[in-house]
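I opened this notebook to record what I looked up in one structure. The entries follow the order in which I consulted it.

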Amino acid sequence: MTNWIDLRTIIMRLTCMFSFILLFGAAGLVVFIHLQDPEEIVHQQTPVKQSDSLHLSENVPTKLQSTDRRQSSIMFAMKDQLKGEEINSIRLHKRRRRFIIKKSPILISMNSSILNLPTLKSEDRNNNKWKNLYQIQRERKQIMRETCSKYKSNNRRIITPYHVSRIFVEDKYRVLYCEVPKAGCSNWKRVLMVLNGLASSTKDIQHNTVHYGNYLKRLDGFDHKGIYHRLNTYTKMLFIREPFEKLVSAFRDKFEHPNNYYHPVFGKAIISRYRVNATKEALRTGSGVKFKEFIQYLLDVHRPVGMDIHWDHVNRLCSPCLIDYDFVGKFESMEEDANFFLHLIGAPQNLTFPKFKDRHSNEERTTTKITQQYFAQLSPSQRQRSYDFYYMDYLMFNYSKPFEDLY
């Protein structure tokens with residue numbers, strides 16, 4: 001009788017152990033699936049027939065097409081609405097995901113087209129000024145493509161609403177502009193509003209109207225048919241700026257002037273984490289963040305508060321390895337580049353890019369000299385880590401190292 005009881009006990013224990021192993025394995029599989037990169041899941045699970053894939057030419061602003069031009073497929077991914085436990089799981093693991101995708105992966109092939117892209121007029125082709133600016137555009141695009149080809153594995157490119165969330169749409173002149181803060185974005189939005197007939201002059205548009213008036217449409221506000229049509233036929237452009245200079249400009253704007261958002265949201269968290277013996281007033285208001293403290297926050301993998309578009313990478317804001325921009329302008333040559341772009345799209349001749357500075361207008365613009373003064377407050381190690389942080393932007397847009405001791 002005793003032996004029979006012992007045998008039953010052993011069988012029950014083995015059954016429990018086996019059930020536990022099955023449950024543990026199932027749980028592990030669920031976690032593994034949630035941690036997968038959505039782009040990789042699409043690549044593995046959603047094959048696209050070659051006959052179904054139409055290619056989008058990588059056009060330059062002149063419409064001049066070469067037979068050896070590389071073409072690539074652009075596909076959109078949308079994701080079904082996530083609910084309940086799935087959302088909670090994604091939030092738990094969001095630091096380990098490269099993309100934030102709102103809708104499930106549905107691949108949509110992009111049509112190949114050269115329509116409506118800017119071209120040099122026949123009378124401009126003998127103009128050395130326009131020819132030189134056009135050649136600069138070719139070189140910038142070439143460097144960008146080579147960098148993407150070397151460092152990014154995007155053989156099958158998938159574009160989601162997240163990737164186009166910073167792109168503004170101007171339908172009249174068929175322009176898509178990717179907003180890069182601290183690189184002339186306020187004035188570019190003014191130009192787009194004038195092009196769209198919302199104002200007669202850029203000088204008539206106030207700063208708050210530009211940023212909070214919601215007069216300009218974003219590309220992610222369209223359905224996927226509207227998105228792919230505009231990506232395929234509109235002139236896509238972005239303007240960038242030297243990364244360290246852009247960073248210092250953002251710091252001066254957001255932390256050295258009164259601000260009822262950045263001080264309480266970012267300032268308080270930064271001071272609380274990185275300032276020893278912080279005063280109660282500083283902890284209460286978040287005012288007076290020092291540049292060195294700001295850099296500590298930026299380089300901290302466990303930031304007390306998240307990233308912000310004003311100091312995020314251009315590579316993340318505009319996804320230039322996914323979206324073939326037709327025009328790449330630089331803040332350092334803003335007037336020349338901007339007016340060349342307006343000429344290419346056939347904008348009214350009386351519309352030129354505005355030169356005025358509408359915020360802190362009495363303060364000197366952030367220059368290379370001012371940038372070096374701020375970074376001189378940092379240790380060589382902090383400067384190097386800051387350079388590493390923006391390395392892809394330096395490489396992709398062909399900016400020189402800002403300090404000789406960087407490697």
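**Entry 1. Overall make-up**

I looked up the secondary structure and found 16 helices and 9 strands in the protein chain. Helices (H or I, at least four residues) and strands (E, at least two) are DSSP runs, numbered from the N terminus. I noted that this is a predicted model, in which local features need pLDDT of at least 70 and side-chain atom pairs count only at pLDDT 80 or more, while totals for chains, interfaces and linings use all residues. Residues are numbered from 1 along each chain as its sequence is written, and side-chain values use heavy atoms, with hydrogens and water left out.

The protein chain has 407 residues, of which 48% are buried (under 20% relative accessible area; exposed is over 50% and partly exposed lies in between, with a 1.4 Å probe and protein chains only). I then turned to contacts (heavy atoms within 4.5 Å). Among those with a separation of 6 or more, 74% come from residues 24 or more positions apart.

**Entry 2. The sheet around β6**

I traced an open sheet of 5 strands in the order β7-β5-β6-β8-β9, with mixed pairing (two strands pair if DSSP finds at least two bridges between them). Its edge strands, β7 (217-218) and β9 (327-330), each pair on one side only.

I next examined strand β6, residues 175-178. Val175 and Tyr177 point one way from this strand, Leu176 and Cys178 point the other way, and all are buried.

On one pairing, β6 meets strand β5 (residues 167-170) in the antiparallel sense over 4 bridges. Ile167 stands opposite Cys178, and Val169 stands opposite Leu176. The two strands form a hairpin with 4 residues between them, and Arg174 in the turn has a positive phi of about 55 degrees.

β6 also runs parallel to strand β8 (residues 235-240), joined to it by 4 bridges. There I found Thr235 as the bridge partner of Val175.

**Entry 3. Helix α8 and two partners**

Two packed helices are described by the angle between their axes and the distance between the axes. I therefore looked up both values for each pair. Axes are lines fitted to C-alpha atoms, for helices over the stretch in contact, and angles run from 0 to 180 degrees between N-to-C directions.

The axes of α8 and α11 come within 11 Å and cross at roughly 115 degrees. The pair is therefore roughly perpendicular (65 to 115 degrees; under 35 counts as roughly parallel, over 145 as roughly antiparallel and the rest as oblique). I recorded that Leu247, Val248, Phe251 and Phe255 of α8 make the contact with Phe291, Phe294, Ile295 and Leu298 of α11. These residues divide into 8 nonpolar, no polar and no charged (Ala, Val, Leu, Ile, Met, Phe, Trp, Tyr, Cys and Pro count as nonpolar, Asp, Glu, Lys and Arg as charged, and the others, Gly among them, as polar).

For α8 and helix α14 (residues 368-375), the axes come within 9 Å and cross at roughly 75 degrees. These two helices are therefore also roughly perpendicular to each other. The α8 residues Phe244, Glu245, Leu247, Val248, Phe251 and Arg252 meet Thr368, Ile370, Thr371, Tyr374 and Phe375 in α14. By class, I noted 7 nonpolar, 2 polar and 2 charged residues in this contact.

The buried residues of helix α9 (residues 262-274) include Phe266, Ile270, Ile271 and Tyr274. I found that the buried residues of α9 pack against α8 (243-255), α10 (280-285) and α11.

Is Glu293 buried or exposed? Glu293 counts as buried because its relative accessibility is 6%. This residue is found in helix α11 (residues 291-299). Leaving aside neighbours within four places in sequence, Glu293 is in contact with Ile270, Ile271, Tyr274, Arg275 and Gly288.
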